[in-house]
Amino acid sequence: MTKVLFVVSAADRWTLKDGEVHPSGFWGEELAMPHKIFTQAGWDITIATPGGKVPTLDRLSMSRTAGRPSKLREVASYLESIKTQLNSPRSLDKIDPDEFDVVFYPGGHGPMEDLSVDPVSGALLTRFLASGRPLALLCHAPAATFAATDEDGSWPFTGYRMTGLSNMEEKLNSFGRKALWLLEDRLRDSGAHYAKARLPLRPFVVVDRNLYTGQNPSSSERLAERLVADVTAATR
């Protein structure tokens, strides 16, 4: 059975450049839909957070602006069905990444607050990228890569083609214009080959070697389905 680790932000806020604290957490669709697709594929899922803290659902991800009513109902229903698992995550510092076949990071603004500077997550990312096993980061989750370093202090994701929430998409939120930094800009500045869809908010997935990235919430299902297809093909 394929074993997948979900690394979920424990942050419940996002601190902006003017000091304002914006309520945040994980984005509902980005956790629920991949979790559902992996479960349907028969994968075994473990959820871990920094310190084993129960993750916070970003309420904006369930608002009318976050998607079609039918999709929001599906997400809400699925999150309720895995509530016990969400309420009892493992502590990330107790995780052995060698126990897992796939690592998946859902987004939301939470990773911008905590995972982007979390050394435990950074070490896991460095190790898993080097292992050659599938590593996936969705929407804002590539922010977690900024905590990763190789032994020589370099960024292990340098030269990788990847995506994540674009500047334009971030600025669709009024508070996004007050970000300390924008993910697209920082990925480019750090040495990634950033790519994005021609139109904002459209599904877009990039695969480079064992690194899988999705641009935005609408990429959740496409990213998960690509992972399942590739892992299934590799095990035949």
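The model is a predicted one. Its protein chain holds eight helices and 11 strands. With a radius of gyration of 16 Å, close to the 18 Å that the globule rule gives for 236 residues, the chain is as compact as a globular protein of that length.

**Overall build**
- The C-alpha trace spans about 45 × 45 × 35 Å along its principal axes.
- Of the 236 residues in the protein chain, 55% are buried.
- Among contacts with a separation of 6 or more, 77% join residues 24 or more positions apart.
- The chain's accessible surface is about 10,500 Å², and carbon and sulfur atoms account for 49% of that.

**The sheet**
- Seven strands form an open sheet with mixed pairing, in the order S5-S4-S1-S6-S7-S11-S10.
- Strands S5 (90-91) and S10 (205-208) stand at the edges; each has a single partner strand, so one side of each lacks a neighbour in the sheet.
- Arg 90 in S5 is the bridge partner of Ala 48.

**Helices on the sheet**
- Helix H1 (residues 28-40) packs on the sheet and touches S1 (3-7), S4, S6 (102-105) and S7 (135-138).
- The direction of H1 makes about 175 degrees with that of S1.
- Helix H5 (residues 119-131) also packs on the sheet, where it touches S1, S6, S7 and S11 (211-214).
- Between the directions of H5 and S6 the angle is about 135 degrees.

Note on methods. Residues are numbered from 1 along each chain as its sequence is written. This is a predicted model: local features need pLDDT of at least 70, side-chain atom pairs count only at pLDDT 80 or more; totals for chains, interfaces and linings use all residues. Side-chain values use heavy atoms; hydrogens and water are left out. Two strands pair if DSSP finds at least two bridges between them. Helices (H or I, at least four residues) and strands (E, at least two) are DSSP runs, numbered from the N terminus. Contact means heavy atoms within 4.5 Å. Axes are lines fitted to C-alpha atoms, for helices over the stretch in contact, and angles run from 0 to 180 degrees between N-to-C directions. The radius of gyration is taken over C-alpha atoms; the globule rule is 2.2 Å times the number of residues to the power 0.38. Buried means under 20% relative accessible area, exposed over 50%, partly exposed in between (1.4 Å probe, protein chains only). Accessible areas come from the Shrake-Rupley method with a 1.4 Å probe; for residues, only the protein chains shown count as cover.
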